[in-house]
Structure formats: structure tokens, C-alpha cells
Amino acid sequence: WKGYFVAPTTGSYTFGGAVDDNVEVYINDQKVYSRGCCGSNIDYTGSVPITLQAGQVVPIRVQYQDATAWAYAKVYVKGAVPEQTIPRDWLRTEVKAQSSQYGLMGRYYTDDGSHNFPGNDGDPMRLMMARNDSKLSFNWGAGGPAFGLQSDNFMVRWTGYITVPSN
């Protein structure tokens, strides 16, 4: 797994795990934890503490390998925070400005007449623009999705995540 860790508070962080079979954790491309085979107990043996500032965003990479039989991996953090598995709120797939944390990625394509979207990788010849759309509420009328772009025969694919509020 590869992405970014957002430090929730200033202090020293120690990463560990409970794993079957092997796991390595890298922060800023520095190996801070490695565990070879097996144990359901949380382990921090050999961990290298790392000091981070509140709100600091650092690259994180977790590499896991399963050899035989059971397979599980849990990555933990402690130190500046109470010991816990790394909460999803502290992980990001990409670095975004705080003002861009919300919305969906819109990829705007010309329609080649087939009314079919390009494959998952897109078609660079048909891609008009890509942007983060903070809400899906548009009335383009006779215009295009942005100044200077064609106003007819375009398509949009929005991707991202939704957090469903609980009652």
C-alpha cells in the first residue's frame, strides 16, 4: 500500500504490527518497522521512532507478504497518540490542499459519437480537462464545462469516495 500519513498531533510516532507473515512500514522512504513472521500480538521490536508536526503529511508505504496458511496484517501507531491501528482519517491516497479535501475528480471528455466513455485509463486525445468538483450541481446551458471548451458533445466521469452520514 502506498499513500500519505497525516500526523494528527506533534510528537514522536512509533509504528508496529500484528502480522502473518511479513510486513515493512516506510515513512519518507525510511524503513521504520519490519516484522518477519507471525504473531497476533502487537509488536514494535526494532521500530524507529519518527518525529512529526501536527498536520504534517508524509509518504507512507506498507509492504506485506503472505507465505502460507493464515494471512492477516494490522499496522499500529503509538507515541504521540494512544496505541491504535492507523485510522483511515490519517491516511490519504494523494496530497491535497485542505480546501480540496472534498469533492469528486471530474474527467471531461469529448464524445466521439459513440456515447461511450474511454477505458479506465482514459483517452488523452479525448480528454478536455480534469478538475476537482466540490459538488455535482451544474447547468451548462449552451456553454461548455469551462471557458474555451466545446459546448456540445462532451461527457464527464466523476470518481472518488462518499462518506455516508450516520443517523
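**Close-up views of a predicted model**

**View A. Contacts of phenylalanine 15.** Phenylalanine 15 touches Phe5, Val25, Ile27, Val32, Tyr33, Tyr44, Ser47, Ile50, Tyr76, Val77 and Ile86, with residues up to four places away in sequence not counted. The structure shown here and in the following views is a predicted model.

**View B. The largest nonpolar core.** This core has 20 residues, of which Phe5, Tyr13, Phe15, Val25 and Ile86 touch the most other members. Two or more residues each are given to the core by β2 (11-20), β3 (22-27), β4 (30-36), β6 (50-52), β7 (57-65) and β8 (72-79).

**View C. Strand β1 and its pairing with β7 and β10.** Strand β1 comprises residues 2-6 and pairs with β7 in the antiparallel sense, over five bridges. Within β7, valine 57 stands opposite valine 6. Strand β1 also pairs with strand β10 (residues 91-92), again in the antiparallel sense, over two bridges. Here phenylalanine 5 stands opposite leucine 91 of β10. Phe5 is also one of the residues that touch the most other members of the largest nonpolar core, and Phe5 is among the contacts of phenylalanine 15.

**View D. The open sheet β12-β11-β13.** Three strands, in the order β12-β11-β13, form an open sheet with antiparallel pairing. Because β12 and β13 (154-159) stand at the edges and each has a single partner strand, one side of each is left without a neighbour in the sheet. From one strand to the next, the twist averages 20°. Strand β11 (residues 104-110) is joined to β12 by six bridges, and the two run antiparallel. Arginine 107 has alanine 130 in β12 as its bridge partner.

**View E. The surroundings of aspartate 133.** Aspartate 133 lies in strand β12, which spans residues 127-133. With a relative accessibility of 6%, aspartate 133 counts as buried, because the limit for this class is under 20%. The side chain of aspartate 133 forms a polar contact of 2.7 Å with the side chain of tryptophan 158. When neighbours within four places in sequence are left aside, the residues in contact with aspartate 133 are Gly103, Leu104, Gly106, Tyr108, Phe138 and Trp158.

Terms used
Residues numbered from 1 in each chain as written. Predicted model: local features only at pLDDT ≥ 70, side-chain atom pairs only at ≥ 80, totals over all residues. Heavy atoms only, no water. Core = buried A, V, L, I, M, F, W, Y, C linked by side-chain atoms within 4.5 Å. Buried < 20%, exposed > 50% of the residue type's maximum accessible area, 1.4 Å probe, protein only. Helix = DSSP H or I, 4+ residues; strand = E, 2+ residues; numbered from the N terminus. Contact = heavy atoms within 4.5 Å. Pairing = 2+ DSSP bridges. Polar contact = N/O pair within 3.5 Å; in protein donor to acceptor, adjacent residues only side chain to side chain. Axes fitted to C-alpha atoms, helices over the stretch in contact; angles between N-to-C directions.
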